[in-house]
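Student: Could you take me on a close look at the nonpolar core of this one, and at the strands that go with it?

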Amino acid sequence: MKFGLCLPYMKEGLTRKDYLAWFKHIDQGPFISLSCGERIHGPTYDMRILLAAAAATTENVEINTTLYVLPMHNAVRAAKEIATLDVISGGRLTVTVGYGG
């Protein structure tokens with residue numbers, strides 16, 4: 001059985017130090033992936049920035065979007081962001097797209 005972990009991106013008060021600790025622990029296993037979704041309400045952080053930070057500071061885990069809400073973004077810009085994140089992750093990116101809740 002394989003397990004992934006979703007980052008706590010909808011919780012107020014988390015700091016850089018908190019996220020770096022999450023990335024380190026997730027990358028050490030037993031998890032195979034870390035993920036983050038996209039929300040526009042509540043105390044949320046930007047999915048793309050969190051995943052970029054995770055991709056840059058991990059080596060082993062897959063990087064996943066739990067939902068990239070495409071209608072919220074310019075198509076060319078989204079394609080460029082996704083391609084850049086794939087490069088930063090070293091090809092460990094998996095993208096799930098949708099139109100929202």
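Tutor: Let's start with a term: a nonpolar core is a set of buried Ala, Val, Leu, Ile, Met, Phe, Trp, Tyr and Cys residues joined through side-chain atoms within 4.5 Å. Buried means under 20% relative accessible area, with exposed over 50% and partly exposed in between (1.4 Å probe, protein chains only). This is a predicted model, where local features need pLDDT of at least 70, side-chain atom pairs count only at pLDDT 80 or more, and totals for chains, interfaces and linings use all residues. Residues are numbered from 1 along each chain as its sequence is written, and side-chain values use heavy atoms, leaving out hydrogens and water.

Okay, the core. The largest one has 19 residues, and Leu7, Tyr19, Phe23, Leu34, Cys36, Leu51 and Ile63 touch the most other members. At least two residues each come from helix 1 (16–27), strand 2 (33–37), helix 2 (47–57), strand 3 (62–69) and helix 3 (75–88); helices (H or I, at least four residues) and strands (E, at least two) are DSSP runs, numbered from the N terminus. Helix 2 gives the most, with five residues. Now zoom in on Leu7: beyond its neighbours within four places in sequence, Leu7 is in contact (heavy atoms within 4.5 Å) with Trp22, Phe23, Ile26, Leu34, Ser35 and Cys36.

Strands 2 and 3 run parallel, joined by five bridges; two strands pair if DSSP finds at least two bridges between them. Asn64 has a bridge partner in strand 4 too, namely Thr94.
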